[in-house]
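Dear colleague,

I am passing on the structure we spoke about, and below it you will find notes on what turned up when I went through it. Please read them with the structure open beside you.

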Amino acid sequence: SDVYKRQVADIRANLQAKTTEAADEKASHTATKATLSTTQAALTQYHTDMFDDATVKRVTDIYKLKKEVENNMTAAGLMSLGLALNNDETVSINGPPYTPQMLFVKALEINP
């Protein structure tokens with residue numbers, strides 16, 4: 001009878017441990033799902049912000065101007081590229097990065 005009681009107690013303890021483990025795992029899965037959901041929402045917002053039509057057009061225009069200036073560095077091209085950038089942005093032309101101000105100075109050097 002004592003052996004039986006001990007076996008029942010062991011089975012109950014084991015079952016309790018498994019139940020607790022399962023509950024912990026479920027909580028962990030729930031937390032992971034919440035994190036994934038938040039991450040997905042953030043990525044969706046980032047994608048929306050990065051790839052809205054105006055941004056894509058602006059980046060494409062800047063890229064075209066950059067290529068034009070790299071192929072044929074004219075004062076007009078440098079000025080256009082400088083005007084297309086925000087003050088805190090730079091663009092690399094055949095190597096070093098240029099701020100809009102540097103592009104304007106270079107344009108004035110070409111055509112004072």
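In what follows, buried means under 20% relative accessible area, exposed means over 50%, and partly exposed lies in between (1.4 Å probe, protein chains only). Helices (H or I, at least four residues) and strands (E, at least two) are DSSP runs numbered from the N terminus. This is a predicted model, in which local features need pLDDT of at least 70 and side-chain atom pairs count only at pLDDT 80 or more, while totals for chains, interfaces and linings use all residues. Residues are numbered from 1 along each chain as its sequence is written, and side-chain values use heavy atoms, with hydrogens and water left out.

Helix H4 covers residues 100-110, and Pro 100, Leu 103 and Ala 107 are buried in it. Viewed down the axis of H4, the buried residues fall within an arc of 55° (taken from the directions from the helix axis to the C-beta atoms), so they line one face of the helix. Leu 108 and Glu 109 are exposed on the face of H4 turned away from that buried side. The buried residues of H4 pack against helix H3 (75-84), strand S1 (91-92) and strand S2 (97-98), where contact means heavy atoms within 4.5 Å.

In helix H2 (residues 53-71) we find Glu 70, whose side chain reaches the backbone nitrogen of Asn 94 at 3.4 Å. Not counting residues up to four places away in sequence, Glu 70 touches Ser 92, Ile 93 and Asn 94. Val 69, leaving aside neighbours within four places in sequence, is in contact with Gly 77, Leu 78, Leu 81 and Ile 93.

Best regards

Notes. A polar contact is a pair of N or O atoms within 3.5 Å; within protein, one must be able to donate a hydrogen and the other to accept it, and residues adjacent in sequence count only if both atoms are side-chain atoms.
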